[in-house]
Structure formats: structure tokens, C-alpha cells
Amino acid sequence: MFDFLDVTTRMTLVPALPLAAALVTALLGRSYLREHSHWPTVVGLALSFVVSLSLLFNIRDLAGQAHAGHEPHAAATAHPASFRQAEAASETKPAVGVEIVHQLWNWATIEGAIDRPERALPATDAAALPAALPFKIDISLRSDPLTAIMLSMVTFIATLIAIYAAGYMHGDPGYWRFFSYIALFVFSMTMLVSVSNFLLLYVFWEAVGVCSYLLIGFWFEKPEAAAAGKKAFLVNRVGDFGFALGLFLIWSTYGTLNYHDADGIAGIFGQARLMNTADPYVGGGLGLAICLLLMLGACGKSAQFPLHVWLPDAMEGPTPVSALIHAATMVTAGVYMVARCTPLFLASQMEPFVYGGTSISAPTVVAVIGGFTALLAGLIGLTQTDLKRVLAYSTVSQLGYMFLGAGAATLAGVTSGMFHLFTHAFFKALLFLGAGSVMHAMGHVIDMRYFSGLRKLMPVTHGTFLIGSLALAGIVPFAGFYSKDAILSAVHARSGEEGVGLVYGVLYVTAIVTAGLTAFYTFRAFFMTFYGEERIPHEAGHHAHESPWPMTLPLVVLAVCAAVVGKWCEVDHWFGHLLEQTPSLAYISQKHLPIDLRGPFGQFDIEIAALSSLVALAGIAVAAFLYLGDRREVDLLSKWLRPFYNASLHKFWWDEIYTVLVVWPTKALAAVSYLVDRVIIDGLVDLCGWIPQKLGGTLRSLQTGLVQFYALAMAMALAVLLLTLIWPGT
Amino acid sequence: MNETTLLLNYLVVGALLFAIGLVGFVTRRNMIIMFLAAEMMLQGVSLSLVAWGRYHGDWGGQMLVIFIITVAACEAAVALAMILMMFQASGKLDITFWQQERESNLPAFVDQELPAEPEEPQHWPTLTPAGREPRFDQEEVIHRTHV
């Protein structure tokens with residue numbers, strides 16, 4: 001498939017097609033395409049998906065070769081040469097993982113920008129580095145298993161969402177604008193996972209933020225939507241600030257920002273550094289600082305505590321946008337970044353920062369943040385009545401799971417985190433699109449208290465939503481079961497360790513509890529929406545019927561995926577084996593790293609699987625008991641647990657806490673600044689204007705308007721001048 | 001007559017022309033007269049320059065005068081055009097009409113009243129008529145009253 005196109009051309013095409021779609025829609029949408037504005041986006045994204053899939057197959061072939069080779073970790077590296085040369089090179093040169101890097105053009109070069117840091121390494125053993133390293137940013141695209149999987153997943157989900165949006169957004173005045181933004185969003189996300197440089201990662205990190213701002217505030221006439229867009233952007237700024245500081249530290253520590261080896265300098269995840277048996281990555285306090293700053297950025301994008309507050313508010317955007325943000329683009333960026341930076345986190349783990357007898361390592365912090373967020377969001381999700389908000393908190397919670405997996409910092413942990421990201425994309429997109437379908441039928445009412453018993457009215461939505469819920473709850477054999485189980489195993493595997501074992505043990509229990517909560521709130525939403533007596537809000541009007549085919553088709557496709565994708569990846573663990581060949585992750589299985597990090601992915605532990613399934617089933621059973629009947633027990637329960645119920649309903653008051661701690665001081669500062677500007681700065685400017693005005697005012701009385709007066713004044717002045725000139729003695 | 005005396009004579013005439021022009025410019029209110037007075041000042045200066053040129057025996061003075069004449073021609077065109085436009089706008093040639101262009105908070109210049117005409121009819125000395133009464137040309141009479 002697509003063999004007539006060079007692999008590097010295809011790597012360029014994947015982001016280029018959405019960008020072209022965005023530009024075409026933006027330029028022609030308003031005047032020419034109008035109600036056909038979805039075509040460029042749908043076609044562009046679909047082609048992009050096909051190309052990414054072919055890229056994935058290429059990468060899988062390369063990885064397969066690498067796996068079958070004599071050298072256990074020998075692999076092909078195309079760098080930045082063309083694909084065929086890469087195959088030739090693979091036979092001679094052992095490499096860590098599989099990567100293809102393609103340089104498009106040079107963006108910026110500053111020679112001698114930094115004195116060579118201690119950790120800067122040469123790309124080859126032969127040449128030593130000069131004393132001053134250049135700041136050189138190339139626009140380079142890379143392709144490795146991690147990128148290829150992300151690209152395929154993102155473009156697949158985005159294509160389905162674009163088709164769905166063609167039905168959902170039909171008749172909206174900003175139809176063309178919407179599809180232009182969507183295509184731009186996908187372009188940013190594909191670039192984010194494709195670039196091979198931290199600075200460019202930051203650029204597209206921001207681009208994703210801008211697109212999410214535009215899309216969350218898509219209905220900007222609505223004050224809530226405008227505020228939600230602003231909030232998402234501002235909260236992300238906090239994280240991005242940390243991320244930027246992290247980049248500065250990386251730059252000053254490693255002397256480069258490239259992932260790959262370029263210009264004779266070893267990239268941060270380049271072959272030279274990964275193969276270096278000495279101590280290529282910095283640990284201790286500096287390593288911890290880098291990792292935590294990167295993690296702050298990831299917290300912002302992936303809505304982890306303490307920056308989780310923007311995601312539920314982002315529900316103000318159109319539902320396809322919520323699906324896109326929650327499933328494919330944006331929130332997965334943080335997990336992707338942590339997975340990509342695994343070597344940095346590992347370094348912190350192997351050489352923790354010791355402070356007053358306790359040692360702190362970055363992966364543990366990541367895992368704790370992930371676990372805490374998973375539990376917190378799960379608890380909040382229990383009482384929300386807005387269907388989309390329940391799903392939003394479940395996303396926050398599931399992202400917490402992914403970080404928990406990544407925080408286990410073993411090969412199994414990181415792979416299972418990425419696996420959960422992969423499966424989660426399918427069922428979360430499915431659930432959001434299902435919620436959108438309900439919302440579409442209910443005349444944009446999304447509060448579950450106003451409708452119920454829709455299963456006869458919307459049979460397709462009901463069936464697909466059920467599959468999505470089962471997958472989210474983690475019931476065999478749906479997708480969520482496999483990935484969640486993989487994470488639980490990875491975390492459990494670390495609970496036996498000395499030192500951090502207790503932390504991971506607690507996190508394991510937390511994750512099990514969260515699994516129960518997840519099952520409960522998912523099925524609570526499911527039962528409240530689709531079961532009970534049939535009630536329809538009056539806003540629905542004559543809309544209350546099953547959605548049109550552009551909306552149900554993606555639902556069915558996603559439901560099939562959500563049902564089989566877990567089992568499919570489980571068969572001979574191709575997902576894990578493929579992902580292992582990512583340079584950053586292949587590093588873990590290197591000989592000189594401790595053996596316990598390498599633990600195999602997808603080790604099926606029947607005890608853990610049984611326990612989590614039991615907990616999930618119990619959650620479903622409780623939901624069925626409480627919400628399938630007449631719901632008297634719900635009222636009783638909420639009365640007994642009044643303080644807890646209130647806390648959950650008010651999202652543990654995080655918004656209020658931030659209002660007091662952040663918003664008010666900022667507003668006070670802004671008020672002071674306003675006063676300073678008004679009184680001091682403006683006062684100075686006004687004074688500069690006032691002085692000449694008053695000086696000039698004294699001469700104003702000379703302007704009599706009588707021409708003869710002026711002439712006389714001139715003549716007299718001339719006379720005075722003459723007199724002075726001819727005055728004797730001067 | 002030696003050169004210095006010759007120069008002095010011309011300078012005196014030039015200075016007189018300038019002074020008369022200046023006084024005319026400052027005292028008259030008719031814009032055309034003021035314009036003429038300004039021209040007269042230019043001529044006074046020109047005459048002095050020519051005289052100095054003659055005195056020094058070079059062409060500098062004459063060159064400047066030709067320059068002045070050129071500029072004066074342009075100035076005449078602009079000035080007459082402006083006077084014409086101002087006359088069309090106000091129907092007056094009186095320059096004090098345009099004193100409204102003064103600073104807004106200054107008092108207006110008010111013309112002093114002319115001394116009142118004496119009440120009783122004037123009796124002018126008359127001569128005894130001699131000879132026959134001349135016959136007036138009617139057309140001339142009409143013109144006379146207008147001049």
C-alpha cells in the first residue's frame with residue numbers, strides 16, 4: 001500500500017493533508033463551500049489516516065526485522081537518509097529501537113550559542129564536540145512505533161469525528177469555521193507527535209492549546225463557552241510555563257533539543273546517547289527538576305491534578321470537539337510526552353533526589369499524581385448530573401490511570417499506559433459521540449435529570465453506548481479490560497519493591513477502587529439516560545428520534561473497535577512488541593539497566609484481572625440497584641452521606657479554592673496595575689501634554705485676527721533687530 | 001556726482017518707497033490696497049539692491065531683484081486669487097472682516113464710530129452765477145456719482 005510514495009513523503013503527507021484541508025476550508029468555506037465545508041476536512045483526514053496506517057505497517061515491518069535479528073536490540077535506523085538506505089544500514093549497525101528521521105528544512109541556526117555542557121555527547125565516538133555548541137533547530141519529522149501508533153489513532157478517530165460532526169453541526173452558521181478549526185487541530189496534533197525536537201514539540205503543544213481554545217469557545221456568543229475557552233487556555237498556560245522551564249533546563253544540561261542525533265551532537269533520545277553505557281542522563285536534583293517541570297506541562301495538557309479544572313468546563317464546546325479533545329488530540333499529548341521522555345524519568349528513578357533522608361524520584365511523583373487524579377475525578381464523577389461532565393471526569397480519571405502506568409516506569413508500565421491511551425481513545429470517542437447523539441435528539445439538553453428511558457427511541461445510540469460503557473468499566477472482553485489490567489499488573493509488580501513498594505501498593509489499591517467507581521458512574525449515567533420511564537424534555541420538540549446516518553455510522557465503527565481492539569492487541573501482544581521498538585522505550589530493555597525495569601508487557605495475571613473485574617461488576621451492580629428501580633435508595637444514601645455527597649457534587653470545591661488562591665490575588669494585582677497605569681504612567685504623559693499647552697496659552701492673546709496688527713508687530717520687531725545691529729559700540 | 005552720493009540718492013528713494021509701502025500696509029484695510037502697498041515695499045527693496053549692485057560693480061543685486069520679481073509674480077497670483085475667494089465668500093474687501101479667525105476668547109475689534117454729521121444743513125459760500133449754465137452730458141453725470 002502506497003509503496004509508490006517514499007516513506008519520507010508519507011511522513012510529510014500525514015500532517016500536510018489536514019493542514020491543506022484547514023487552509024482550503026478557511027479560504028473557500030465562507031463563500032464557496034458553505035454547507036459542503038466538511039468535505040475537505042473529511043477527505044483530508046481520511047487520506048491522512050490511510051497514509052499513517054501505511055506508515056505504521058512500514059514501521060512494524062522494520063520492528064519485526066529488528067526483533068528477528070541476532071542482536072537482541074538491533075534495529076533499523078534511517079537517519080535522516082531515505083528508507084532504502086535505512087534497510088541497508090540495519091544489517092551492519094546495531095541500534096536501539098526503530099526510527100526514521102526526515103529533515104524538511106532548517107528553521108534557525110545560532111552558532112556558538114552555548115558553552116558545551118558536561119552532558120553533551122558527540123553523535124559518533126570518533127569526533128569530539130567543539131567548545132561551543134550551536135542552537136540549531138531543524139524542522140525534522142520522525143517516525144517510530146510510538147509516533148506511528150499515535151498518528152494512526154489520532155487520524156482514525158478524527159476522521160470518524162469529522163464525519164459525525166458533518167451531521168451534528170449541520171445548519172450551524174459557523175459550519176465552515178468549525179471544520180477549518182478541526183483540521184487545524186488535527187494538523188497540530190499530528191505535528192506534535194511527529195516532530196523530533198523539544199522546541200517544535202513546544203510550538204505544537206501551544207498550537208494544540210490555541211485550537212482547543214478556538215473550539216471550546218466555538219459558540220463564543222455564549223458567555224459560558226467564551227469563559228470555558230479562556231479558562232482552558234489560561235490553565236494550560238500554567239502548565240506550559242513549567243514545560244518551557246523544563247526545556248530551558250534540558251537545553252542547558254544536554255546542549256541540544258533534538259530527539260535524534262544531528263550535526264554531530266547526540267540527541268536526547270538519539271542512538272548515541274541511548275547506546276552510551278556510561279551515565280548519559282542526569283539524575284539527582286537536576287533530573288528531578290527537569291522531569292517535574294515536564295510533568296507540570298503534561299498536567300496542564302492532560303488535565304491532571306492540580307491543573308485538571310479546565311477539562312470539565314471544556315464541555316461547553318460542541319460535542320464532537322469534546323470527543324476530539326478527550327479521545328484523540330490534546331489530552332493524550334501529556335501522556336505521549338511522558339512516554340517519549342521515559343529515559344529522563346528513568347534516570348531520576350535510578351538516581352533519586354535525596355532530601356532529608358527521603359528519596360524522591362520523578363516516576364513516583366508521576367504515579368502519585370496519576371493515582372490521586374484518577375481517584376479524585378472518579379469521586380467527582382459519582383454525583384454529576386450532566387452526562388457530558390460525567391464523561392469528562394471519567395476522562396480525567398482514565399488519564400490518571402495512564403499516568404499511573406507511565407509512573408510505574410518499567411517497560412510494562414509505560415507500554416500499558418500507552419496501550420490504555422490507545423484503547424481509551426476508541427471507547428471515549430464512542431461515549432462522547434453517543435452523548436452528543438443523545439444531546440442532538442434532546443434539543444441540546446444534556447442534564448440527565450430531564451430525560452430517561454431513551455433505549456427504544458434511540459436503539460443504535462443505546463447499543464453503542466452500552467459497548468462503550470462496558471469498555472470503560474473494564475469488562476471482559478472489551479478494550480478497557482485489557483489495558484486497565486495491564487496498568488494494574490505493572491503497578492502491582494512494583495509494590496513488592498523496597499522503599500517505594502508501599503507507595504505503589506497504595507496506588508494499586510487506589511486504582512482498584514477507582515475501577516469500581518468508574519464502573520459505577522459509567523453505568524449510573526447509562527441507566528439514567530437509557531432506562532426507566534420514557535421522558536423527553538420539551539426542548540426536544542420533533543427532534544426526539546435516532547440520529548441520522550453520518551452520526552450513527554461513526555458510533556457503530558467505534559463500537560466495533562471498542563469491542564475488539566483490546567483483544568486484538570492482546571493476541572501475541574503485537575502492540576507491546578511494536579511499542580518496545582521505540583528508541584525511548586527500547587532503551588529500557590538495554591543490558592546496562594536494572595533487570596526489574598524490563599518486565600514483560602501484558603503479563604496476564606489472573607488474580608489481578610479477577611479482582612478488578614469483580615470490583616467493576618460490583619460497581620455496575622450497585623449502579624443497577626440504585627438507578628434501575630425507583631431511586632428511593634439514592635435519596636436515602638445522599639442524605640446519609642450528606643457531607644461527602646456535597647463535596648463530590650461541588651467537585652471538592654477546587655474551582656472555589658482556585659478562585660480564592662489564584663483568581664482573586666491576580667485580580668487584585670491587576671487592579672493595582674490599573675491604578676499605577678492610570679495615575680502614574682498616564683499622569684506623566686498628561687503632564688507632558690499639559691506643559692506646552694499652558695506655555696502656549698500665554699501667547700494666545702496675541703492672536704487677534706487683525707492682519708495689520710501682525711504686520712505692525714513684524715515691522716516693530718524688525719526695527720528692534722536693526723537697532724540692535726547698528727547700535728554704536730556693539 | 002560721485003558713486004557714494006549716487007548710491008545714497010537711490011537708497012533714500014528705496015527707503016521712502018519701503019516706508020510708504022509699510023505705512024500703507026499697516027493703515028489701509030482694503031485688501032487690494034494692502035496688496036499694492038506690499039508690492040511697493042518690494043519695489044523699495046529692489047531699488048536698494050540694484051543701487052548696491054551698481055555701487056559694488058557686480059550683478060549680485062540685479063540677480064536678486066530678478067529673483068524678487070519672479071517671486072512677486074507668483075505671490076501676486078496667489079494673493080489675488082485669495083482676495084477674490086475671500087471677496088466671494090464675504091462680499092467685502094475689508095480685511096477686518098476676517099478678524100473672526102482670532103483666538104476664541106479674545107474680544108472683537110470694534111470700529112470707532114465716525115463723528116456725527118452736524119444736525120443743521122451746511123451753508124456753503126456761493127458765488128454769483130456768471131454766464132450761462134453749462135449743459136451736462138447725462139452719461140457723464142451718471143458716472144460721476146459713482147466715482
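1. What share of the contacts in chain A with a separation of 6 or more comes from residues 24 or more positions apart? The figure is 79%, where two residues are in contact if their C-beta atoms, placed from the backbone, lie within 7 Å.

2. This is a predicted model, in which local features need pLDDT of at least 70, side-chain atom pairs count only at pLDDT 80 or more, and totals for chains, interfaces and linings use all residues. Residues are numbered from 1 along each chain as its sequence is written, while chains are lettered from A and ligands numbered from 1 in the order in which they are written. The model has an ipTM of 0.77 and a pTM of 0.77. For chain B the average pLDDT (the predictor's confidence in each residue, from 0 to 100) is 88, and 97% of the residues score at least 70.

3. Chain A contains 27 helices and five strands; these are DSSP runs numbered from the N terminus, helices being H or I of at least four residues and strands E of at least two. Along the principal axes, the C-alpha atoms of chain A fill a box of roughly 120 × 75 × 60 Å. Chain A has 730 residues, of which 53% count as buried. A residue is buried if 20 or more other C-beta atoms lie within 10 Å of its own, exposed if 12 or fewer, and partly exposed in between, with C-beta atoms placed from the backbone.

4. The largest nonpolar core has 221 residues, and Ile157(A), Ala429(A) and Ala562(A) have the most contacts inside it. Such a core is a set of buried Ala, Val, Leu, Ile, Met, Phe, Trp, Tyr and Cys residues joined through C-beta atoms within 7 Å. Beyond its neighbours within four places in sequence, Ala562(A) is in contact with residues including Phe426(A), Leu430(A), Ile467(A) and Phe478(A). Another core, of six residues, lies apart from the largest one and has Leu121(A) and Ile265(A) among them.

5. Helix α4 (residues 145–168) and helix α16 (residues 411–441) of chain A pack at about 5°, with axes 11 Å apart. Axes are lines fitted to C-alpha atoms, for helices over the stretch in contact, and angles run from 0 to 180 degrees between N-to-C directions. α4(A) and α16(A) are therefore roughly parallel (angles under 35 degrees; over 145 is roughly antiparallel, 65 to 115 roughly perpendicular and the rest oblique). Ile157(A) is one of the α4(A) residues in this contact, and Ala429(A) is one of those from α16(A). The contact has 11 nonpolar, two polar and no charged residues. Ala, Val, Leu, Ile, Met, Phe, Trp, Tyr, Cys and Pro count as nonpolar, Asp, Glu, Lys and Arg as charged, and the others, Gly among them, as polar.

6. In chain B, the axes of helix α2 (residues 31–56) and helix α3 (residues 60–90) come within 9 Å and cross at roughly 175°. That makes α2(B) roughly antiparallel to α3(B). Their contact has 15 nonpolar, five polar and one charged residues.

7. Some backbone details in chain A deserve a look. A cis peptide bond, with omega about 10°, joins Phe305(A) and Pro306(A); Pro306(A) is in the loop between α9 and α10. Asp263(A), not a glycine, has a positive phi of about 55° and counts as partly exposed, with 13 C-beta neighbours inside 10 Å. Trp653(A) also has a positive phi, near 60°, and sits in the loop between α25 and α26.
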